[in-house]
Amino acid sequence: MKYTIEDIVSILHGSFRHFSKNDSIGYLLIDSRKLIFADGSLFFALRGPRRNGTAFMDDLYKRGVRNFVVDEKIAVSDYPEANIVFVPDALLALQQLAAHHRQQFHIPVIGITGSNGKTIVKEWLNQLLDDQYNIVRSPRSYNSQVGVPLSIWQMNETHELGIFEAGISQSHEMEYLEAIIQPTIGVLTNIGEAHGEGFKNMEEKIDEKLKLFGQASVVIYHSDDKKTSLALTEWKNKRLAVAKDKPVEILDWGYSKSARVRIGAIDKTHATTTINLFSEMGTFLVTIPFADDASVENAVHCICVLLYLGIPAEAIRHKFIRLSVIAMRLELKGGINHCSIINDSYSADLSSLKIALDFLSQQQQRPRRTVILSDFLQSGKEEEELYKEAAMLLKQIKINRLIAIGERITANKKMFERMNATEIIFFPSTENFIKNFPQLHFRNETVLIKGARIFEFEKIDRLLARQVHQTVLEINLNAMAHNLKQYQQSLHPATKLMAMVKAFAYGGGSYEVASLLQFHKVDYLAVAYADEGVELRQSGIHMPIMVMNPEDSSFDALVQYNLEPVIYSFRLLRAIENFSKKEGIQQMPVHIEMETGMNRLGFPGKDVPELTAALIKSSFTLKSIFSHLAASDEAQHDLFTMEQGRSFLQMAAQIQEAFTYPILKHLANTAAIVRHPQLQLDMVRLGIGLYGIDTASSNQLALEEVSVLKSTIAQVRYLREGETVGYNRKGTLDRNAVIATVRIGYADGYPRSLGNGAGKMWLKGQLVPTIGSICMDMTMVDITGVTGVKENDEIIVFGKEVSVQQVAHWAQTIPYEILTGVSQRVKRIYFEE
């Protein structure tokens with residue numbers, strides 16, 4: 001849909017305070033900081049609690065924005081080239097425009113509301129249905145009076161299904177969102193205490209949420225909640241009375257026999273849940289890769305939507321196998337004194353506390369757990385009941401120490417007396433905590449920081465975070481999970497996946513990456529040396545780990561930590577066999593590496609008879625046979641790759657014939673997974689593809705950048721023509737220039753080959769070249785022409801704006817070297833939002 005500014009004035013019944021020309025409008029803007037496209041943007045100057053949007057019009061006008069909607073008087077003469085539209089209420093105008101836009105499309109639209117689970121259900125439905133529909137959905141948590149219009153504005157003629165969430169905090173808000181979303185399918189998720197203070201009681205809150213479904217053909221909900229069931233029955237009768245020509249179907253699920261979708265037995269492991277369901281389509285099982293109760297509830301909501309859409313039970317079962325984790329706004333990073341810090345200083349309510357504690361319970365890398373918790377806000381519950389329930393949650397995950405901050409949580413300290421924590425400390429304020437910080441002695445523990453924004457827990461985060469220089473490597477765990485799924489979807493149904501986490505997981509951090517992979521049920525991990533595997537075991541990683549380069553000195557560790565060595569030579573075979581006999585170890589798990597053309601390590605084809613005989617006599621259990629492809633990413637070597645595959649299969653078959661049990665065969669690396677699917681065999685080895693790097697350049701996968709290396713500006717200097725920059729005066733200026741010194745050097749892993757203009761960084765929307773030689777701790781860049789640069793401004797070394805592949809190209813190397821070269825002194829920050 002294309003709109004002109006005159007079209008929009010007509011839709012809004014507004015008037016021009018100033019007209020310049022009939023611009024086309026493609027983008028709606030409410031936050032001046034988020035301007036991307038000045039041309040075609042329409043800025044709604046919304047009123048705020050502190051400042052109104054009109055205060056930012058000067059800046060936007062200077063940056064090229066020429067279309068504005070206002071609801072107060074302004075000096076139109078200050079904007080001679082602008083179109084300025086006046087309306088009585090800018091927010092209402094934004095909503096009216098979105099509602100009009102929604103009416104132009106006649107596709108199924110799923111509207112989701114509730115207290116908890118909206119975003120997860122939305123994102124899961126997107127994952128489950130994106131292979132059947134072109135979907136438009138709310139970005140992140142855009143579910144507010146402002147976020148919903150911006151979400152709906154994304155709709156266009158190509159979309160076949162809409163999925164939008166609606167959140168409210170008080171009465172009389174939902175009718176506005178209903179008019180915008182106009183859902184045809186309604187989903188009512190868990191109703192909890194969040195934002196409860198805006199309603200008289202729970203009944204009023206439920207009634208308000210049900211207003212979203214005024215035009216829906218079906219409403220899906222959990223009928224075991226009696227208050228919700230009663231309210232929905234009354235709502236259905238009222239709607240039928242006023243709109244007999246618009247009947248609504250109720251699709252409820254629960255444990256009761258009367259539920260249309262009934263839950264039977266539930267079988268949980270440490271990381272999965274199998275749900276037995278009874279529906280009109282019959283009985284079927286669905287396994288989800290999550291074990292917490294909230295995920296089970298969210299999953300069943302999704303199952304009901306898929307059933308309503310007519311998706312067969314077998315297809316539903318298959319879809320859920322590949323379900324991936326959804327962002328939870330959590331940040332995991334290293335802290336002082338060997339601590340791990342989980343920062344969730346975003347909100348404080350029982351529902352989000354449950355999520356944060358669940359994430360905390362997954363962290364096994366430290367022996368102790370501490371929770372720093374603020375007062376709860378926006379609950380609607382009685383205080384005594386609220387903090388009693390919070391104490392019960394904390395007790396369930398067995399924390400060692402609780403540090404409670406706030407007047408209300410302190411006033412209810414008696415609720416926490418039976419928690420069985422070793423230490424419970426109360427502070428009336430964040431400032432009081434900070435004053436006493438030196439006496440609290442944080443050491444070798446995982447610390448969850450969980451508080452409402454008003455408590456400014458970011459100050460506590462700064463105290464606990466490991467103090468290193470301002471260069472950081474950010475790892476987006478959600479993007480990594482997405483990339484994993486992309487490759488998993490490319491595999492044959494029976495093919496397993498081994499993830500390579502050697503070399504500090506390509507610079508990303510071995511434990512954190514391994515923990516994610518374990519959570520997503522990867523079949524195997526591979527490390528280069530035994531000490532990497534030991535570290536993973538000590539951090540709580542329990543999945544199988546293959547050690548590619550076992551050393552004689554590491555044999556004890558292999559046994560102690562249940563690590564599986566690779567055998568690639570007769571000398572190593574004899575050494576491990578002698579060790580096993582000496583220690584009385586039977587059936588030691590090993591992997592056999594064959595040489596097929598890499599000419600690095602492994603048994604060549606001529607040694608297969610002797611190797612097979614030795615293996616038969618040994619006490620080993622053969623877990624797998626594998627080899628390495630030398631050039632699977634290059635089309636000119638495809639014949640060589642095929643010959644490697646033929647040779648490997650022949651050798652593996654000879655060995656397998658001598659054993660009665662199946663032995664895994666694996667040959668395909670990251671590139672071969674996509675380029676040579678016939679070589680996927682029993683298992684594949686996925687490495688750099690996890691980080692969003694498609695070494696095959698296949699363009700078949702929608703990979704996302706995982707790593708962002710960023711630093712800050714230490715100083716800005718204004719130099720004259722003829723002056724030089726850096727050691728040996730390598731950088732000579734041929735004009736007056738502005739030079740910025742960046743806090744990164746070759747000791748951080750920024751290659752010296754990127755000096756003297758070979759490399760570039762991303763600053764304020766522009767690429768800026770290096771100048772002079774790369775120093776040990778600093779790099780200079782020419783920022784001439786980039787306005788507004790000041791000390792401590794952020795600069796991107798690589799990420800979405802400047803890919804790792806591009807940086808590697810400039811450095812005349814490969815992405816592997818750039819990623820693994822990032823120094824350990826660079827702080828890693830992990831995001832799982």
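Colleague: What does helix α16 reach from its first C-alpha to its last?
Modeller: Happy to walk through this predicted model with you. Helix α16 covers residues 477-488, twelve in number. At 1.5 Å a residue the expected reach is 16 Å, and the modelled reach is close to that, at 16 Å.

Colleague: Which residue caps the N-terminal end of α16?
Modeller: Look for a side-chain oxygen that lies 3.0 Å from the backbone nitrogen of Asn478. That oxygen belongs to Asn476.

Colleague: And helix α3, which residue caps its N-terminal end?
Modeller: Helix α3 runs over residues 90-102, and its end C-alpha atoms are 18 Å apart, which agrees with the 18 Å that its 13 residues should span. Its buried residues include Ala90, Leu94, Leu97 and His101. At the N-terminal end, a side-chain oxygen lies 2.9 Å from the backbone nitrogen of Leu91, and the residue that supplies this oxygen is Asp89.

Colleague: Moving to strand β25, which residues point the other way from Tyr524 and Ala526?
Modeller: In a regular strand the side chains alternate between the two faces of the sheet. Strand β25 spans residues 524-527, and all of them are buried. Tyr524 and Ala526 point one way, and the other way point Leu525 and Val527.

Colleague: In β26, which residue is the bridge partner of Ala526?
Modeller: β25 is joined to strand β24 (residues 496-500) by three bridges, and the two run parallel; there Met498 has Tyr524 as its bridge partner. Three bridges also join β25 to strand β26 (residues 545-547), again in parallel. In β26, the partner of Ala526 is Met546.

Colleague: Through which helix does the chain cross from β25 to β26?
Modeller: The path is a β-α-β crossover, and it is right-handed. The helix on the way takes up residues 530-538 and is α19.

Colleague: Is His172 buried or exposed?
Modeller: His172 sits in the loop between β10 and α6. Its phi is near 65°, a positive value in a residue other than glycine. The relative accessible area is 53%, and over 50% counts as exposed, so His172 is exposed.

Colleague: What is the relative accessibility of Glu456?
Modeller: Glu456 lies in the loop between β22 and α15, and its phi is positive too, about 55°, although it is not a glycine. Glu456 counts as partly exposed, at 32%.

Methods:
Residues are numbered from 1 along each chain as its sequence is written. This is a predicted model: local features need pLDDT of at least 70, side-chain atom pairs count only at pLDDT 80 or more; totals for chains, interfaces and linings use all residues. Side-chain values use heavy atoms; hydrogens and water are left out. Buried means under 20% relative accessible area, exposed over 50%, partly exposed in between (1.4 Å probe, protein chains only). Helices (H or I, at least four residues) and strands (E, at least two) are DSSP runs, numbered from the N terminus. Two strands pair if DSSP finds at least two bridges between them. A crossover is right-handed if, with the strands pointing away from the viewer, the path from the first strand over the helix to the second runs clockwise. The expected span of a helix is 1.5 Å times one less than its number of residues. A polar contact is a pair of N or O atoms within 3.5 Å; within protein, one must be able to donate a hydrogen and the other to accept it, and residues adjacent in sequence count only if both atoms are side-chain atoms.
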